[in-house]
Amino acid sequence: MKIFLDTANLDSIKKFNDMGLLDGITTNPSLMSKEGGNPKDAMEEITKIIKGDVSLEVVSTEYSGMIEEGKRLREYGDNVVVKVPMTPDGLKACKSLSSEGIPVNVTLIFSANQALLAAKSGAKYVSPFIGRLDDVGQDGMNLIKEIKEIFKNYPNLKTQILVASVRHPVHVIDAAKIGADVVTLPPAVLDKMLQHPLTKIGLENFLADWEKLKAGNPDIEI
């Protein structure tokens, strides 16, 4: 399963990319606003840092505006995937952009019906928001299972499932068990995935034992 980072924070992107963990990035206007500064500079830098797909989102809600913005966003790099909303105009834009060789990520997916229609319109990715479904008392992960089952029945559908609105590491493991293609997660969740209390305790014990060994053998080296 590919791991994308859901952020526009350059420090976080560089940090995890240097570990070899990132296969791509997803962003949206909210994330850009959170970081401040000029979003154009941020998008340009992100597409240079990351070799994999970088989803950049349109802000227009009308077809013509989405097409115009999508083509502009694509100019930031060949790895740019244009993110459009799951609306009639969004699917129309998805069809047009995809037909011109510009990959599209259809976002704000909350049902299997929507995922199927987005795939039919030519989306490279569909982004189901599992955390937001959980927030309203629905089972977000069950939606991933449904989409996976549907897509599996039709090999001609090449659309990838990009699990979004991830709230905790368990979401990531559950998505991987189902066989989702991609999970996009905020830096805080990826940080949690790196950690386990027994890892910290084990390392502290190793270092303490090494210091004891050095105390009796001052000249010892690794």
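Q: Why is S165 called buried?
A: Buried means under 20% relative accessible area, exposed means over 50%, and partly exposed is in between (1.4 Å probe, protein chains only). S165 has a relative accessibility of 15%, so it counts as buried. Please keep in mind that this is a predicted model, where local features need pLDDT of at least 70 and side-chain atom pairs count only at pLDDT 80 or more, while totals for chains, interfaces and linings use all residues. Residues are numbered from 1 along each chain as its sequence is written, and side-chain values use heavy atoms, with hydrogens and water left out.

Q: Where does S165 lie, and what makes its phi worth a look?
A: S165 is in the loop between β7 (160-163) and α9 (169-178). Helices (H or I, at least four residues) and strands (E, at least two) are DSSP runs, numbered from the N terminus. The phi of S165 is near 55°, a positive value in a residue other than glycine. Most residues other than glycine have a negative phi.

Q: Which class of accessibility does L108 fall into, and why?
A: L108 is in strand β5. Its relative accessibility is 32%, so L108 counts as partly exposed. L108 also has a positive phi, near 60°.

Q: How do you know which side of α1 is the buried one?
A: In helix α1 (residues 10-18), the buried residues are S12, I13 and F16. They cover an arc of only 100° around the axis, so they sit on the same side of α1. That arc is the one made by the directions from the helix axis to the C-beta atoms. An α-helix has 3.6 residues a turn, so residues three or four places apart point the same way. On the face turned away from the buried side of α1 are the exposed residues D11 and D18. The cover over the buried residues of α1 includes β1 (2-6), β2 (24-26), α3 and α10 (187-194).

Q: What makes N9 a cap for α1?
A: A side-chain oxygen of N9 lies 3.2 Å from the backbone nitrogen of D11, at the N-terminal end of α1. Just after the helix, G20 takes a positive phi of about 80°.

Q: Why are the buried residues of α6 said to share a side?
A: The buried residues of α6 (residues 112-120) are A112, A115, A118 and A119. Their arc around the axis is only 125°, which puts them on the same side of α6. N113 and K120 are exposed on the face turned away from it. Among the elements covering the buried residues of α6 are α5 (88-99) and α8 (140-153).

Q: Why is D53 called buried, and what does its side chain touch?
A: D53, in strand β3, has a relative accessible area of 15%, so it is buried. Its side chain makes a polar contact with the side chain of Y125 at 2.6 Å. That term means a pair of N or O atoms within 3.5 Å; within protein, one must be able to donate a hydrogen and the other to accept it, and residues adjacent in sequence count only if both atoms are side-chain atoms. Leaving aside neighbours within four places in sequence, D53 is in contact (heavy atoms within 4.5 Å) with residues including F4, I25, V81 and K124.

Q: What makes a space a pocket, and how much space lies in the largest one?
A: On a 1 Å grid over the protein atoms alone, a pocket is an open set of points where a 1.4 Å probe fits, with protein on both sides within 12 Å along at least five of seven lines; lining residues have an atom within 4 Å of a point. A volume is the space filled by probe spheres set on the points, which are joined across faces, edges and corners. The largest pocket holds about 520 Å³. Its lining has 28 residues, and D6, N28, L31, F129 and R132 lie nearest its centre. Helix α2 gives the largest share of this lining, five residues.

Q: Which residues lie nearest the centre of the second largest pocket?
A: They are M43, E57, R72, L73 and Y76, out of 15 lining residues. This pocket has a volume of about 340 Å³.
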